[in-house]
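Thank you all for making the time this morning.

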Amino acid sequence: MSDTLDVAPARAGAAAARPLRVALVGNPNSGKTAMFNALTGSRQKVANYAGVTVERKEGQLVAASGRTVVVLDLPGTYSLRARSPDEVVTRDAVLGRLAGETPPDVVICVADATNLRLVLRLALELKAVGRPCVLALNMIDIAQRQGLEIDTDRLSRELSMPVVGTVATRRRGVETLVAEVEAQAAEAAGAGAGPSAWREPSATEIRALHREAERILKAAVRPPKRPDTWTGRLDGVLLHPVAGVLILLAVLFLMFQAVFTGAKPIMDLITAGFDQLSLIVGHLLPDGMLKSLICDGVIAGVGSVVVFLPQIMILFLFIILLEDVGYMARAAFLLDRIMGGAGLHGRAFIPLLSSFACAIPGIMATRVIDNRRDRLTTILVAPLMTCSARIPVYTLIISAFIPQRTVWGVLSLQGLVFFGLYAAGLVSALLVAWVVRKIFWRGAAEPFLMELPTYKVPDPMNVARNVLQRGQIFLQRAGTIILSMMILIWFLSTVPGKPAGAVGPAINYSLAGMIGHAIEPVLAPVGFSWQMSVALIPGMAAREVAVGALATVYSVAGEGGGEAVLGSSLAAHWSLASALAFLAWYVFAPQCASTLGVVKRETNSWRWPIIMFAYMTALAYAAAFVTYHVALALGGG
Amino acid sequence: MRRLADIDPPHETALEPLASLADGRRGFSGVIAELQDRPAAGGLAAGELERRLLEMGFVEGARVEILHEGFIGRDPICVRLDDMRVALRRRDARGVLVRPDPVRPGPAR
């Protein structure tokens with residue numbers, strides 16, 4: 001993408017100089033990410049800041065002078081007075097207070113040229129910090145199309161910083177911007193380094209800054225001759241109390257369908273591919289532990305990571321499109337009241353809805369929520385939504401134990417139970433969110449204050465790059481955690497091997513078998529036999545694995561019609577009460593190592609996965625206990 | 001930018017009484033006359049809501065108009081704020097005191 005900047009005639013001379021450090025600051029929706037992409041192309045690194053969940057995006061470019069420029073993309077903000085962990089990072093990075101970060105030599109303030117009022121105040125705040133600044137008037141093409149006249153010389157004089165018009169998505173003005181950054185750095189020559197004196201402005205000072213910004217705006221900018229009327233017209237429909245809600249439901253339905261069913265063929269293909277690979281490799285290796293490790297541990301483990309990719313990419317395609325178009329804020333507006341009732345942010349609906357397909361992309365999608373507490377609450381309840389991996393377990397148990405009867409003439413009893421399980425997941429998610437809000441973060445009523453950006457046509461390159469980046473981040477960061485958990489589960493289920501001459505399936509002699517036997521007394525009160533307890537251990541790999549694990553434990557040959565056979569085998573071994581308790585367990589239990597892995601990745605700490613594991617296990621135990629005993633009392637023994 | 005709060009209304013003899021943005025219905029418009037710190041029950045430090053509103057552009061002299069209301073309980077509201085659009089909950093808008101535009105005869109709002 002950045003080939004033009006790579007051509008560096010003077011490279012030899014300036015290459016020795018220390019790389020120039022630049023930070024990007026701007027309001028949300030100013031095209032800052034597009035600017036970051038335009039500057040750095042594909043040479044980007046995504047990591048986390050030490051100790052916080054905030055994503056750190058850094059990239060590099062080589063300026064025309066041959067100097068290397070390191071660009072840091074800071075979270076969007078309206079002010080240096082930070083209100084969220086993201087904004088704290090932005091403030092501290094600009095002030096040079098961020099531990100482990102070299103202070104930037106130059107700050108680029110990215111502005112939406114069509115919406116300057118608030119960003120001018122931010123620019124004034126940045127100027128007061130004393131670090132060299134350049135103002136990038138991004139989306140200048142849209143401003144010109146609207147007939148918005150901006151006197152850049154005047155603006156530059158008033159703000160005492162260079163002002164460059166840019167169109168980040170088309171890389172217009174980017175080279176000029178880099179040249180201005182270099183000039184600023186040369187002029188300052190180290191004067192801007194080190195932490196600067198800064199303190200939070202009071203309300204009076206914010207008012208004064210706003211007045212100053214207002215004055216500059218009036219002096220340098222003529223209002224548009226042809227203002228954007230599309231946004232108002234579209235909002236008239238999209239925010240309409242009836243039409244808007246119907247359209248939102250349609251959009252959500254489409255997204256859910258795409259994630260749920262659209263990804264299915266690709267996921268099946270991936271699963272089949274890895275099974276095939278495992279088979280081929282299995283033929284090449286001699287029988288034994290190594291073969292089992294490679295085929296059932298590593299290959300199956302990698303497969304279980306890659307299989308999430310289609311859902312993640314499709315979901316993020318929707319999220320990034322909706323975000324770039326400007327619709328995400330509208331959807332949050334429409335849903336704020338409903339989600340707010342449960343103590344969740346309006347934007348929590350996307351993660352929660354996606355969690356019906358799978359909690360992994362759902363938890364990754366909580367990135368759309370800025371507020372840390374709202375985000376953590378959403379992460380905590382996301383796995384309670386009934387994900388598609390529960391369906392095989394539910395189907396197996398329901399078809400084996402619930403008679404095919406109709407109730408009230410039309411409803412199938414099996415269908416009713418199925419629906420009940422879905423409803424239990426949804427209701428408990430909202431209840432848990434409400435409890436978390438009331439008990440743990442009592443009184444922390446975050447104001448809901450959100451700019452609704454003007455609608456824009458998204459840039460396909462930008463969307464594609466951001467979707468690919470999400471996939472890459474998942475593979476690199478969450479994938480490694482998930483893979484190691486998969487290998488651990490394989491190890492537990494395989495080692496030690498079955499002793500010679502022993503009867504019964506090998507898993508009964510493994511560590512998993514021992515753990516299963518050990519936890520059986522604990523699970524006996526909820527009606528679980530030791531076989532069920534053992535199956536829970538490999539079932540940690542993924543919920544649907546429980547079906548295979550039960551088949552293994554009950555030594556049901558897996559081939560051809562296995563599920564029907566397994567069903568009747570379970571019906572012979574389990575009481576109805578045990579079966580219902582098992583269903584109740586699966587509504588709540590954290591039977592998914594990948595979910596815990598991705599929570600670790602997204603929260604950057606083991607604390608939250610541990611809390612999640614604990615509360616979900618407690619809920620599952622309580623639900624299974626109540627279900628078992630009620631069923632027993634009603635004669636389901 | 002019109003600054004109705006700063007100048008005497010040319011036609012009306014009496015100013016419309018101040019009204020909170022939180023109580024406005026769709027179509028309600030006026031100029032912010034005063035911004036008070038009136039946070040909803042607890043949680044925020046004193047002056048915090050006021051500063052957040054200021055940073056979003058809710059500043060004395062700015063024009064506001066309620067463009068849309070949520071479909072449940074008419075909450076939250078979407079307002080035009082000078083040339084931006086901002087969504088907020090009514091309970092957070094309580095401290096935004098508006099001098100309503102005089103009601104002119106004409107098509108219903």
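What follows is a short tour of helix packing, salt bridges and some backbone details.

Please bear in mind throughout that this is a predicted model, and that the values I quote were computed from it.

Let me begin with a pair of helices in chain A. Helix 19 of chain A, residues 390–401, packs against helix 24 of chain A, residues 545–553, at an angle of about 45°, and their axes are 7 Å apart. The two helices are therefore oblique to each other. On the side of helix 19 of chain A the contact is made by Pro392(A), Val393(A) and Leu396(A), and on the side of helix 24 of chain A by Ala546(A), Val547(A) and Leu550(A). Of the residues in this contact, 6 are nonpolar, with no polar and no charged ones.

Next comes helix 28 of chain A, which runs over residues 607–633. The buried residues of helix 28 of chain A include Trp608(A), Met612(A), Tyr615(A), Met616(A) and Tyr628(A). What do the buried residues of helix 28 of chain A pack against? Their partners are helix 18, helix 20, helix 26 and helix 27 of chain A. After helix 28 of chain A comes Gly635(A), whose phi is positive, near 90°.

I turn now to charged pairs. Side chains of opposite charge can pair when their charged atoms come close. Over all chains, the count comes to 46 salt bridges, and I have picked out a few. Arg207(A) forms a salt bridge with Glu50(B), where the closest N and O atoms are 3.0 Å apart. Because Arg207(A) lies in helix 9 of chain A and Glu50(B) in helix 1 of chain B, this pair joins two chains. Both Arg207(A) and Glu50(B) are buried.

A second salt bridge, at 2.9 Å from N to O, brings together the side chains of Asp235(A) and Arg330(A). It links distant parts of the chain, since Asp235(A) is in helix 10 of chain A and Arg330(A) is in helix 15 of chain A, 95 residues apart. Asp235(A) is buried, with a relative accessible area of 0%, and Arg330(A) is likewise buried, also at 0%.

In chain B, Asp92(B) forms a salt bridge with Arg91(B), and here the closest N and O atoms are 3.9 Å apart. Asp92(B) is buried, with a relative accessible area of 4%, whereas Arg91(B), at 31%, counts as partly exposed. Salt bridges that share partners also join Glu55(A), Arg367(A), Arg375(A), Arg470(A), Arg601(A) and Glu602(A) into one network.

Finally, the backbone. Most residues other than glycine have a negative phi, and most peptide bonds are trans. Against that background, a cis peptide bond joins Val495(A) and Pro496(A), with omega about -10°, and Pro496(A) is found in the loop between helix 21 and helix 22 of chain A. The peptide bond from Asp75(B) to Pro76(B) is also cis, with omega near -5°, and Pro76(B) lies in strand 4 of chain B.

Ser160(A), although not a glycine, has a positive phi of about 45°, and at 53% relative accessibility Ser160(A) counts as exposed. Arg171(A) has a positive phi as well, near 60°, but Arg171(A) is buried, with a relative accessible area of 18%.

Methods: Residues are numbered from 1 along each chain as its sequence is written. Chains are lettered from A and ligands numbered from 1 in the order in which they are written. This is a predicted model: local features need pLDDT of at least 70, side-chain atom pairs count only at pLDDT 80 or more; totals for chains, interfaces and linings use all residues. Side-chain values use heavy atoms; hydrogens and water are left out. Axes are lines fitted to C-alpha atoms, for helices over the stretch in contact, and angles run from 0 to 180 degrees between N-to-C directions. Helices (H or I, at least four residues) and strands (E, at least two) are DSSP runs, numbered from the N terminus. Angles under 35 degrees count as roughly parallel, over 145 as roughly antiparallel, 65 to 115 as roughly perpendicular and the rest as oblique. Contact means heavy atoms within 4.5 Å. Ala, Val, Leu, Ile, Met, Phe, Trp, Tyr, Cys and Pro count as nonpolar, Asp, Glu, Lys and Arg as charged, and the others, Gly among them, as polar. The expected span of a helix is 1.5 Å times one less than its number of residues. Buried means under 20% relative accessible area, exposed over 50%, partly exposed in between (1.4 Å probe, protein chains only). A salt bridge is a side-chain nitrogen of Lys or Arg within 4 Å of a carboxyl oxygen of Asp or Glu.
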